[in-house]
Every structure is written in structure tokens, then in C-alpha cells.
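Dear colleague,

Please find below the structure that I am handing over to you.

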Amino acid sequence: MELPVVNGNGDAIDTISIDDGVFDVPMNQTLVHQAMVIYQMNQRQGTHSTLTRAEVSGGGRKPWIQKHTGRARQGSIRSPQWRHGGIAFGPKPRDYRKALPRVMRRKALQCVLSEKIRNGRLICIDSLDQLDGRTKSMKRLLENLGIAGSVLVVTRDADRDVVRAGGNLKQVWSVPSDLVNANDVLKRETALITVDGIRRIAELCTAPRFRARKIAGFVGGEEEQA
């Protein structure tokens, strides 16, 4: 597949050949939805906490005697039915994180990137050297490219000037190619990726999984004794 490459003025200057196995993948809504749920769960802090009846201060004395008052029996003024009492079955600190297999992470990213290309919402730019860290340089670039909504700017490596240029713009989010994920791409209307960044994404999506191999004559890193 050939993808046009534009410059900072929005003019098409070249094309780049991209792998169809990475950027022309059919949309798998079930997989993408599952990945989105896990990404959003992993962003939860899980620091919510409430006090139970055992943790609320007070309530050591029985409010009134058990019988002969005409009222319901009560053992403590810190029971859940009392005002200022403990919370029954309230939230406690917990970890919401779940692991997403690497194959599923890669496939979900490929699905959303392919969908962006099919909808014409992925722009490949030759470089972002025109960004000098100022907000007006980012605004000028987005105007030249005709980007009005939210945008995800992807570079090969972390670029301080790109981050500073889009830091004051609410609809601009920048991320290096090693950290890009399906959630970031799907949340923004447009993806602006450099040539080096899109090549790095293709490398990461097609890289084989690491497998430990035994070296002949060695066991566990030590030379095998005869």
C-alpha cells in the first residue's frame, strides 16, 4: 500500500510504501472493544475508600436498653442505618489493572490504524522540524494540514519541542511511536505520524516474540561439563 507523504505546508511531496499486513487489517470490533475496556481500567487509580462500622469513631455504648422502650433494638449508633454511621458494602482500595496479551495489543492497534487510513484520518508527514516548542508553531502546522479537531501526533522518539508545542492545546496529544496504543489512536479524530514514526510502528507490530533458546554446549549460561 502506498501512503502519501506531506510537508509542513500540506503539499504532497512523496509516497511511502507501508505493509498491508499492518495498515490494511479488517476492523475487529470485539477485539478493539476489549482492548479499550482494559486500557481504561488500567487508568483507574483504585484509591476510593469508605469507613465501615468498625472504623467509624464512637458507638461504644448501647444507645438504649434492649427491651421495654417501644423502639427497635440497637447495638451501636455507628451502624449503617444511623446518620454518620459506617458504610455497608462500600468501596475499598483495589487494583483494577488487567494484562492484555501482546498479540492482542498489536492487533488492536493495527485495526484502529487501518480504519484511520480507510477514513482518510491518518496523515503522514515528512518531519516535524518546523515545531520549535512554541504553541503558535503547532497551530500553524495544524492549519496548513487542515486539521480542526483532536489530533494525535506520533514521532519516532520522544521530542521535547513537539511536546511543548502542543502542551497548551487541549485537543493535541503527542506520543512517541514506542508508546502509541489503540486507545490513544481511537480517542482522537486524526492521527499525524512522521515517516520515521510509521516505519517504527510497522517494525514493532511485525517483530517476532522473544523466545529463550538454549545455546549448544551451554546450560543456563554455564558451560556444560562433560
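Predicted model: local features only at pLDDT ≥ 70, side-chain atom pairs only at ≥ 80, totals over all residues.

Aromatic rings. The structure contains one aromatic pair. It is formed by Trp64 and Trp82, whose rings are tilted, with 6.0 Å from centre to centre and 40 degrees between the planes. Both residues lie in the loop between helix H2 (29-42) and helix H3 (102-118), so the pair ties together parts that are 18 residues apart in sequence. Trp64 is buried, because its relative accessible area of 18% is under 20%. Trp82, in turn, counts as partly exposed, at 27% relative accessibility.

Trp64 also has a charged neighbour: the charged end of Arg71 sits over its ring, 3.8 Å from the centre. A further arrangement of this kind involves Arg44, which lies over the face of Tyr96 at 3.8 Å from the ring centre.

One cavity of 30 Å³ or more was counted, and the largest cavity holds about 40 Å³ of space. Its lining consists of Thr155, Asp157, Ala158, Asp159, Val162, Val163, Ser174, Val175 and Pro176. Helix H5 (160-166) and strand S5 (172-176) each contribute at least two residues to this lining, and S5 provides the largest share, three residues. Sorted by class, the lining of the largest cavity comprises five nonpolar, two polar and two charged residues.

With kind regards

Terms used
Residues numbered from 1 in each chain as written. Heavy atoms only, no water. Phe/Tyr/Trp six-rings, centres within 6.5 Å; stacked < 30°, edge-to-face > 60°. Helix = DSSP H or I, 4+ residues; strand = E, 2+ residues; numbered from the N terminus. Buried < 20%, exposed > 50% of the residue type's maximum accessible area, 1.4 Å probe, protein only. Lys NZ or Arg CZ within 6 Å of the ring centre and 35° of its normal. 1 Å grid on protein atoms, 1.4 Å probe; cavity = no way out; pocket = protein on both sides within 12 Å on 5 of 7 lines; lining within 4 Å. Points joined across faces, edges and corners; volume = space filled by probe spheres on them. Nonpolar A, V, L, I, M, F, W, Y, C, P; charged D, E, K, R; others polar.
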